[in-house]
Amino acid sequence: MIDTNIFVGACLGAGAPNEVFALCLRGEVVPLMGTALLAEYEDVLGRGALFERSRLDAAEREELLDIFLARCRWTRIYFGWRPNVPDEGDNHLVELAVAGGAQAIVTRNLRDLQGMDLRFPALKLMTPEDLLREVRT
């Protein structure tokens with residue numbers, strides 16, 4: 001599962017997030033997508049200030065998101081686990097990952113996600129660099 005901060009990094013041309021997105025677009029990693037996460041991606045796209053230094057213009061970012069969505073596996077959340085992540089807005093990430101049987105959440109926001117009260121031992125929290133190391137071995 002790929003957090004929105006990785007999408008922003010890919011749009012900015014940042015190394016590891018860019019490579020993680022490339023893995024997704026090539027089908028080497030199949031990310032999950034759900035209603036709340038899609039709404040977050042669309043919200044992030046609307047924040048022009050985030051992309052002032054982006055290598056992609058607004059239309060290209062929209063197109064990148066559309067291509068990415070075509071590679072995602074749509075996942076419905078039928079049960080709200082409420083893992084109590086310090087940032088309430090991130091609970092949906094864990095719930096989506098659990099609902100879809102994800103092996104990992106790839107994010108730059110490890111600090112908040114590691115602070116969840118409810119633990120899922122099979123679910124790893126990874127930086128983009130962690131994912132790239134795992135894929136390469």
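A salt bridge is a side-chain nitrogen of Lys or Arg within 4 Å of a carboxyl oxygen of Asp or Glu. The model is predicted, so local features need pLDDT of at least 70 and side-chain atom pairs count only at pLDDT 80 or more, while totals for chains, interfaces and linings use all residues. Residues are numbered from 1 along each chain as its sequence is written, and side-chain values use heavy atoms, with hydrogens and water left out.

**View A. The salt bridge of Asp43 and Arg47**. The closest N and O atoms of this pair are 2.4 Å apart. Asp43 is partly exposed, at a relative accessible area of 40%, and Arg47 is partly exposed at 42%. Here buried means under 20% relative accessible area, exposed means over 50%, and partly exposed is in between (1.4 Å probe, protein chains only). By the salt-bridge rule the model has a count of six.

**View B. The salt bridge of Glu134 and Lys124**. The closest N and O atoms of Glu134 and Lys124 are 2.8 Å apart. The pair links distant parts of the chain, 10 residues apart: Glu134 belongs to helix H7 (residues 128–136) and Lys124 to strand E4 (residues 124–126). Helices (H or I, at least four residues) and strands (E, at least two) are DSSP runs, numbered from the N terminus. Both side chains have partly exposed residues behind them: Glu134 has 36% relative accessibility and Lys124 has 37%.

View C. An α-helix has 3.6 residues a turn, so residues three or four places apart point the same way. Asp130 is partly exposed, with a relative accessible area of 27%.

**View D. The buried face of helix H7**. Pro128, Leu131 and Leu132 are the buried residues of H7. Seen down the helix axis, they fall within an arc of 100° (taken from the directions from the axis to the C-beta atoms), so they line one face of H7. These residues pack against helix H1 (4–11), helix H2 (15–25), strand E3 (104–106) and E4, where contact means heavy atoms within 4.5 Å.

**View E. Thr75 in a loop**. Thr75 is found between strand E2 (73–74) and helix H5 (91–99). Thr75 is buried, with a relative accessible area of 6%. A polar atom of its side chain lies 3.2 Å from the backbone oxygen of Arg73. Leaving out residues up to four places away in sequence, Thr75 touches Leu32, Met33, Gly34, Leu96, Ala99 and Gly100.

Notes
A polar contact is a pair of N or O atoms within 3.5 Å; within protein, one must be able to donate a hydrogen and the other to accept it, and residues adjacent in sequence count only if both atoms are side-chain atoms.
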